[in-house]
Amino acid sequence: MQGVCVSNLCVCICVSVLLRSAISQPPTESDTYTCETIPDACKGEMKCFNHYGGYLCLPRSASVIPAPEPANTPPETFNPCPLGYEPQGDSCVDVDECERDEHDCQPSQQCINTLGAFTCQCPDGYRKVGTECIDIDECRYRYCQHRCVNVPGSFSCQCEPGFQLAGNNRSCIDVNECDMGAPCSQRCYNTYGTFLCRCDQGYELGPDGFACNDIDECSYSSYLCQYQCVNEPGKFSCVCPEGYQLLGTRLCQDINECETGEHQCTETQTCVNIHGRYQCVDANRCQEPYVQVSDNRCVCPVSKPACRDLPFSIVHRYMTITSERSVPSDIFQIQATSVSPGAYNTFRIRSGDENGDFYIRQINNISAMLVLARAVSGPREYTLDLEMVSVNPLLSYHGSSALRLSIYVGPYTF
């Protein structure tokens with residue numbers, strides 16, 4: 001504004017100035033004067049600036065930047081060549097605006113000289129929109145098989161877990177985790193994009209899917225072994241008690257020490273095999289008034305008065321049973337070896353069963369069955385005299401014979 005002071009009034013004429021309120025610069029002494037001819041020419045918060053034959057009222061934060069003086073440019077010379085060319089002798093040659101830095105390319109752009117002009121080229125990964133270079137989102141064109149990540153001027157491909165980038169940096173190929181140290185404790189199977197852990201027989205996969213824990217087969221069933229099951233890493237084994245040997249992998253078979261020669265019986269003794277052990281008995285077990293007539297048979301001669309009320313013969317037999325056997329149970333059959341015509345036979349337990357653990361069940365005239373009446377526990381030994389009484393009315397005969405049965409009850413239940 002240009003002003004002329006008249007009394008206390010300012011008459012202003014518009015002039016062109018460049019105002020700058022954002023950056024405050026103090027006026028220099030050469031171009032800024034206070035209005036001394038008009039007291040308080042600018043009111044309120046306004047500040048008075050002297051300006052070429054007048055003054056300006058501006059905010060106190062404002063400053064005035066004087067327009068640059070017009071440069072003394074030489075007069076333009078006549079160019080007979082087209083735009084972008086310059087005369088050289090009698091011909092026109094192209095002007096390299098890029099080399100002369102007479103282009104308007106952005107700092108990020110590359111200037112490319114062309115005939116009569118120039119172009120501004122964007123870096124790879126950018127496209128030109130107007131005068132600006134805009135990043136190209138390569139992921140819009142699905143360059144990657146799995147996942148694409150756009151970055152300024154470029155992009156990168158990423159694969160899902162279990163895959164890795166192929167040599168072309170775009171495709172994804174399966175990773176064999178089993179060859180790269182997969183955390184399987186026993187067996188590893190590679191699958192597409194992942195892997196699976198498996199366990200050997202006798203183990204089961206833990207909750208984490210990697211560890212293999214031993215299976216305690218013995219806890220699953222009490223029938224895996226005849227006697228005792230022993231759990232081992234990845235398997236189980238069956239063991240037998242002393243005096244038995246393993247038959248196959250689960251059954252226990254009694255060792256016949258009398259046949260294997262593992263007994264300590266003397267020459268005057270007979271080895272009797274029983275469950276889990278053996279027994280040495282005297283070779284001659286006949287007691288007065290009986291006399292031995294064979295290895296296991298004793299006879300009481302009728303010529304001896306003491307034999308009158310005793311069985312005529314006693315045959316010695318031995319057997320063994322397991323503890324807690326189910327009852328009633330048939331354990332031994334008695335059979336007459338000879339029967340005279342017209343004779344009637346009856347069977348009874350003559351001695352040795354004071355507690356009533358056994359009874360006789362007669363089958364027919366010549367045979368009977370010894371029955372275990374109550375469950376018994378071992379080790380224990382019974383000696384029963386099983387008697388067969390024969391009566392023949394036709395011959396007026398009355399007599400008997402006995403079988404002395406030694407029963408050994410073993411300590412085990414199988």
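Which residues have the most contacts inside the largest nonpolar core? The legends below take up this question and then other views.

**Figure 1. The largest nonpolar core of the predicted model.** This core has 21 residues, and those with the most contacts inside it are Ile331, Phe332, Leu370, Leu386 and Ile407. At least two of its residues come from each of β29, β30, β32 (358-362), β33 (367-372), β34 and β35. A nonpolar core is a set of buried Ala, Val, Leu, Ile, Met, Phe, Trp, Tyr and Cys residues joined through side-chain atoms within 4.5 Å. Buried means under 20% relative accessible area, exposed means over 50%, and partly exposed lies in between (1.4 Å probe, protein chains only). Phe332 touches Arg317, Met319, Ala368, Met369, Leu370, Leu386, Leu403 and Leu405, when residues up to four places away in sequence are not counted; contact means heavy atoms within 4.5 Å. In soluble globular proteins, nonpolar side chains tend to be buried together. The model is predicted: local features need pLDDT of at least 70 and side-chain atom pairs count only at pLDDT 80 or more, while totals for chains, interfaces and linings use all residues. Residues are numbered from 1 along each chain as its sequence is written, and side-chain values use heavy atoms, with hydrogens and water left out.

**Figure 2. The whole chain.** The chain holds 1 helix and 35 strands. Helices (H or I, at least four residues) and strands (E, at least two) are DSSP runs, numbered from the N terminus. Of the 414 residues, 29% count as buried. Among contacts between residues at least 6 apart in sequence, 35% join residues at least 24 apart.

**Figure 3. A second core and Ile314.** A second, separate core of 7 residues includes Cys286, Cys307, Ile314 and Ala402. Ile314 lies in strand β29 and is buried, with a relative accessible area of 5%. Not counting residues up to four places away in sequence, Ile314 touches Tyr290, Asn296, Arg297, Cys298, Ala402 and Arg404. The C-alpha atoms of Ile314 and Ser400 are separated by 9.6 Å, although these residues are 86 residues apart along the chain.

**Figure 4. The largest pocket.** The volume of this pocket is about 600 Å³. Among its 24 lining residues, Ser313, Thr337, Ser338, Met388 and Ser401 are the closest to its centre. Two or more lining residues come from each of β29 (313-321), β30 (329-335), β34 (380-392) and β35 (397-409), and β35 gives the largest share, 6 residues. The lining divides into 12 nonpolar, 10 polar and 2 charged residues. Here Ala, Val, Leu, Ile, Met, Phe, Trp, Tyr, Cys and Pro count as nonpolar, Asp, Glu, Lys and Arg as charged, and the others, Gly among them, as polar. On a 1 Å grid over the protein atoms alone, where a 1.4 Å probe is fitted, a pocket is an open set of points with protein on both sides within 12 Å along at least five of seven lines; lining residues have an atom within 4 Å of a point. Grid points are joined across faces, edges and corners, and the volume is the space filled by probe spheres set on the points.

**Figure 5. Two exposed loop residues.** Leu115 is found in the loop between β9 (110-114) and β10 (117-121) and is exposed, with a relative accessible area of 73%. Leaving aside neighbours within four places in sequence, Leu115 is in contact with Tyr85 and Asp94. Asp309 sits in the loop between β28 (297-299) and β29; Asp309 is exposed, with a relative accessible area of 66%. Asp309 and Gly399 are 90 residues apart in sequence and 9.0 Å apart in space, C-alpha to C-alpha.

Figure 6. A cis peptide bond joins Glu288 and Pro289, with omega about 10°; Pro289 is in the loop between β26 (277-282) and β27 (291-294). Another cis peptide bond joins Val327 and Pro328, with omega about -5°, and Pro328 is in the loop between β29 and β30. Asp101, a residue other than glycine, has a positive phi near 60°. Asp101 lies in the loop between β8 (91-94) and β9.
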